Amino acid sequence: MVERQNREVAGEVSVLLMCAVLPAMTLRKLQLLKLGALVFVPYANALVSDKFSDPLDGIQKSLTLNPKDLFYTPTTGKSLSTELIKDEHSIESMSFADVTWVSTHNSHANMFASGENVLRQVATNQEYSVYEQLALGVRGLMLDIEYRNGSLQCVHGFVEFSLLRDLMMNEIVPFLNDDEQCVITIDLETRGDVELIGSELRNLLEQVPELARRIFRVNDHRWENHTEWPTISEMREADQRVLILVDNAAVASNEKGIHFRYNVTIENFWKGNLDSCSPRNGIADLHMNIPWSMPYIAGLDRTWTRLFTMNHFCCSTGIESLHRCNPSRIGGGDNGWGTMFPRIMLCIAESRLGRKPNFVAVDWFHIGDVHEIVDYMNFGGMLGVGQRCETGLDCATGSCSAEKLCHCQLCSVSTSADCNGCEYSTWNARLPSGNAAILPYAKPLSLVSLCLLYSIFS
């Protein structure tokens, strides 16, 4: 009760501060005022909650991290990690539709691109440059773009980060050259005049031939006899290693390989809390047992499996999500085994398509267990343990010890082979081993804090 009252007071204070100055604000000043609220409200909520060990930690990290500490140094393929090269070799025989990839939400909104600009630093969702994200194993890039001042800009709300052309030429193309095995997906969210964006995007691809020649085209003659997405090896051999998706049909061009996102993918709605999973777009009725969408891609001369993007970021701002990614939180934070894995299982159950996610999109991908979980989805292994928990719902294994740490169910030295998370398990590309494993996650999981701020970045 006391905590709730404190939260209400914090919220009322922020509202009063805004209401007192609204009449005199220009649009630009209103935007800046909202930006200030992005810092104030999460801090106020953190301050009155006993769930944060250090309420200023995330905010200070966002505002004080020196961009010079980050590295953007295109290198040769020899410098790529041995583990990354091994993983890329291991998936070569898998269909593209059977692989799960790490994706970054607002990939362009990172601390390297922010430089010394505090406004940009507050609006970031990632720490590393796009090149370094790719070098660290990210294979899905989510970019918000808008036509401003005569060019396509990568933006987050009203904040501009970089020219899309510069991002392609200076970061994406160099990595494609350095790593000839990589297959990446670029998912574009458009803002503003979509017809103008479509025209400029097509012109831009003509200016960046090193990217354009590597674009994967679903309707390419090479795939005419394919009844399913080609294998990773086939995409590499054809050097069609870049899948481009866009959120608006007016921007899409099958001829250019710019595919309308909702012909190719399904996705959950990111906004809200992480104890639910509902479709962002689709025909699903949440009160009926019908799928979110048709199981096959549409608008193209193929009957391939529809891909699945799982948005797993809590909030409108990186500051909020940075707090929640703290591994010391319950479940290991939003990117921890105890939060992310149950959410994946929940989304599989709720989508009713029997499909594991192809793209797991996160903020602050380098914090938590994201890569371990995605590796488990691709290759199998053991579920993660050791995260803080209150109940078994906070754990990937479904079991919380008396010491309030996630552990294997009913584990002992003599029976460890029979315990969930204690034995090595193989994950089927289409479904977890046994549909029964999904069912417990179709009901609500433990509650997490709601993002209280309706942001300019939504």
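A salt bridge is a side-chain nitrogen of Lys or Arg within 4 Å of a carboxyl oxygen of Asp or Glu. The model is predicted, so that local features need pLDDT of at least 70 and side-chain atom pairs count only at pLDDT 80 or more, while totals for chains, interfaces and linings use all residues. Residues are numbered from 1 along each chain as its sequence is written, and side-chain values use heavy atoms, with hydrogens and water left out.

**Exercise 1.** Describe the salt bridge between Arg-280 and Glu-267, and the burial of both residues.

*Solution.* The closest N and O atoms of Arg-280 and Glu-267 are 3.4 Å apart. Arg-280 lies in the loop between strand E8 (265-267) and strand E9 (307-311), whereas Glu-267 belongs to strand E8 itself, 13 residues apart; strands are DSSP runs of at least two residues and helices (H or I) of at least four, numbered from the N terminus. With buried meaning under 20% relative accessible area, exposed over 50% and partly exposed in between (1.4 Å probe, protein chains only), Arg-280 is partly exposed at 25%, and Glu-267 is buried at 3%.
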